[in-house]
2 protein chains.
Amino acid sequence: MKKNIGAINALYPMPVVLVGTVVDGKPNYITIAHVGIIDMETISISTNKTHYSNKGIKEQKTLSINFPTEDMVVETDYVGIFSGSKVDKTQIFESFYGELKTAPMIKKSPLSMECEVVDIYDTPNYDIFLVKPKNTYCNDEVLTDGLLDYKKIKPMMFDMPTRRYWKLGEAFAQCWSIGKEYKE
Amino acid sequence: MKKNIGAINALYPMPVVLVGTVVDGKPNYITIAHVGIIDMETISISTNKTHYSNKGIKEQKTLSINFPTEDMVVETDYVGIFSGSKVDKTQIFESFYGELKTAPMIKKSPLSMECEVVDIYDTPNYDIFLVKPKNTYCNDEVLTDGLLDYKKIKPMMFDMPTRRYWKLGEAFAQCWSIGKEYKE
């Protein structure tokens, strides 16, 4: 039995990331799950225009995308609740910098990308930053045979309807492969 | 030890969806994991310009977003491997239509959104369709206390580095809540 529950955006779960930028000379991080993939080299990051980070991203034209692991959930959620305009977030995470210099990354995060902003898609209430990763940093131990292994990264996923964080489950099939078993 | 693995788009895992449209008068579906959230009401769907579906989406200015469950993995992957220009996809899934009339949805899918295209963000090789859900249809049994429950929906997630499909794991924390336990 199909039920129409109205005009609900149900595109979840989405990966949770910590977006880093420099605002007023200091590293700042914000928690974002409204992300997307534009093409193979381009990512979208949607942040409400009221956010403190947007000013820094527009000034620096850089940002970082850091993956919190499951065991960083308290800090990650904290960063999502409180604005950098009200609380000092410089001490929550130890930062490191790469080639871009103005995209602080989180040492504790197993996977970080430093990105250049290539465009901003403007909407009335949100800045959609379109960014290209320039360098991707990871801890050795999240690689399997040289490839990023999300089971080891332990990403956090988010859904808006129940506002929960989820763990990633098991890999269960190979893409562009299992479909060949299909029979009409 | 941090390792720089280069300019890698590592924004995964992403939810896998089946995008429905009418092409040349027939329902057609394509598998997409390069999706995103633009704002609370708007979703992005990125499809390579070579895809058969793009013509239909541009003509109809509608599309549907359907969630395959784990047990639809073979059909879902099949639809992602073979183009609707080469194989007839009308018989793979039984379709139903809603208010928009030109956005075929998949009966077997526990969660479907019929959407209007509100903009196309153009890139050299990809059409990024920005769409707003008009109606969201789900099976009664994927609701818990009236809310979409992704544990019951059993979405498929995808990562590009290892090209695998993943199951969703357990919900383990409440967003905008657990962060209040943070102590400096």
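Which residue in β15(B) is the bridge partner of R164(A)? In this predicted model, local features need pLDDT of at least 70 and side-chain atom pairs count only at pLDDT 80 or more, while totals for chains, interfaces and linings use all residues. Residues are numbered from 1 along each chain as its sequence is written, with chains lettered from A and ligands numbered from 1 in the order in which they are written.

The partner of R164(A) is Q174(B). This bridge belongs to an antiparallel pairing of β15(A) with β15(B) over seven bridges; strands pair if DSSP finds at least two bridges between them. Strands (E, at least two residues) and helices (H or I, at least four) are DSSP runs, numbered from the N terminus.

The contact draws 81 residues from chain B and 81 residues from chain A, where two residues touch if their C-beta atoms, placed from the backbone, lie within 7 Å. On the side of chain B that touches chain A, β15(B) gives the most, with eleven residues. Because 100% of the interface residues of chain B are also interface residues in chain A, the copies meet through the same surface.

Superposing chain B on chain A takes a rotation of 180° with 0.0 Å of shift along its axis (RMSD 0.0 Å), by least squares on the C-alpha atoms of residues with pLDDT of at least 70 in both. The two copies are therefore related as by a two-fold rotation axis.

Helix α2(B), residues 73-81, has several buried residues, including V73(B) and Y78(B); buried means that 20 or more other C-beta atoms lie within 10 Å of a residue's own. The buried residues of α2(B) pack against β15 of chain A as well as β3, β4, β14 and β15 of chain B.

Conventions
A residue is buried if 20 or more other C-beta atoms lie within 10 Å of its own, exposed if 12 or fewer, and partly exposed in between; C-beta atoms are placed from the backbone.
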